[in-house]
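Subject: Structure for you to look at

Hello,

Please find the structure below. My notes on it follow.

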Amino acid sequence: LRGREASAIMAVNPGLTKVDASKWAYLGYKGGSEPGVMNMTFLAVAHDGRRFAITGSWNDSNRPVDEARMAMLMSRLVALTADKAR
């Protein structure tokens, strides 16, 4: 995939509803899950053009992933990264 195609695909699903995407010039998401595993990865472009990859994975073969907690942690990480990118 080329940059524009990949960016369009990553913009389809925002991944998190509680993320202030206006802090970024672009915020793309790709993630996935199955029992005991969850991944959330963001490609963020700051307003000055700097790019950031923000990713987190949770893997526990003994119990289901706490999806709400994972989403809260990633939401906070995306917000903190945006604050540092200013």
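Y29 is buried, as its relative accessibility is 11%; buried means under 20% relative accessible area, exposed over 50% and partly exposed in between, with a 1.4 Å probe and protein chains only. F42 is buried too, at 1%.

Before the rest, some ground rules. This is a predicted model, in which local features need pLDDT of at least 70 and side-chain atom pairs count only at pLDDT 80 or more, while totals for chains, interfaces and linings use all residues. Residues are numbered from 1 along each chain as its sequence is written, and side-chain values use heavy atoms, with hydrogens and water left out. The mean pLDDT (the predictor's confidence in each residue, from 0 to 100) is 90, and 98% of residues reach 70 or more. Confidence is lowest in helix α1 (residues 3-10), with a mean of 84, and highest in β3, at 96. Helices (H or I, at least four residues) and strands (E, at least two) are DSSP runs, numbered from the N terminus.

Aromatic pairs

Rings of Phe, Tyr and Trp (its six-membered ring) pair if their centres lie within 6.5 Å; planes under 30 degrees apart are stacked, over 60 edge-to-face, and the rest tilted. By this rule there are two aromatic pairs. In the pair of Y29 and F42, the ring centres are 5.0 Å apart and the planes stand at 45°, so the pair is tilted. Y29 is in strand β1 (residues 26-34) and F42 in strand β2 (residues 37-45), 13 residues apart, so the pair links distant parts of the chain.

Strands β2 and β3

Two strands pair if DSSP finds at least two bridges between them. β2 and β3 are antiparallel, with nine bridges, and M40 stands opposite G56 in β3. Their hairpin has five residues between the strands, and G49 there takes a positive phi near 95°.

D60

D60 lies in the loop between β3 (51-59) and α2 (67-85). D60 counts as buried because its relative accessibility is 17%. The side chains of D60 and R63 are joined by a polar contact of 2.7 Å (a pair of N or O atoms within 3.5 Å; within protein, one must be able to donate a hydrogen and the other to accept it, and residues adjacent in sequence count only if both atoms are side-chain atoms).

Helix α2

The buried residues of α2 are M70, M74, S75, V78, T81, A82 and A85. Seen down the helix axis, they fall within an arc of 135°, so they line one face of α2; the arc is that of the directions from the axis to the C-beta atoms. The face turned away from the buried side carries the exposed residues A68 and K84.

Regards
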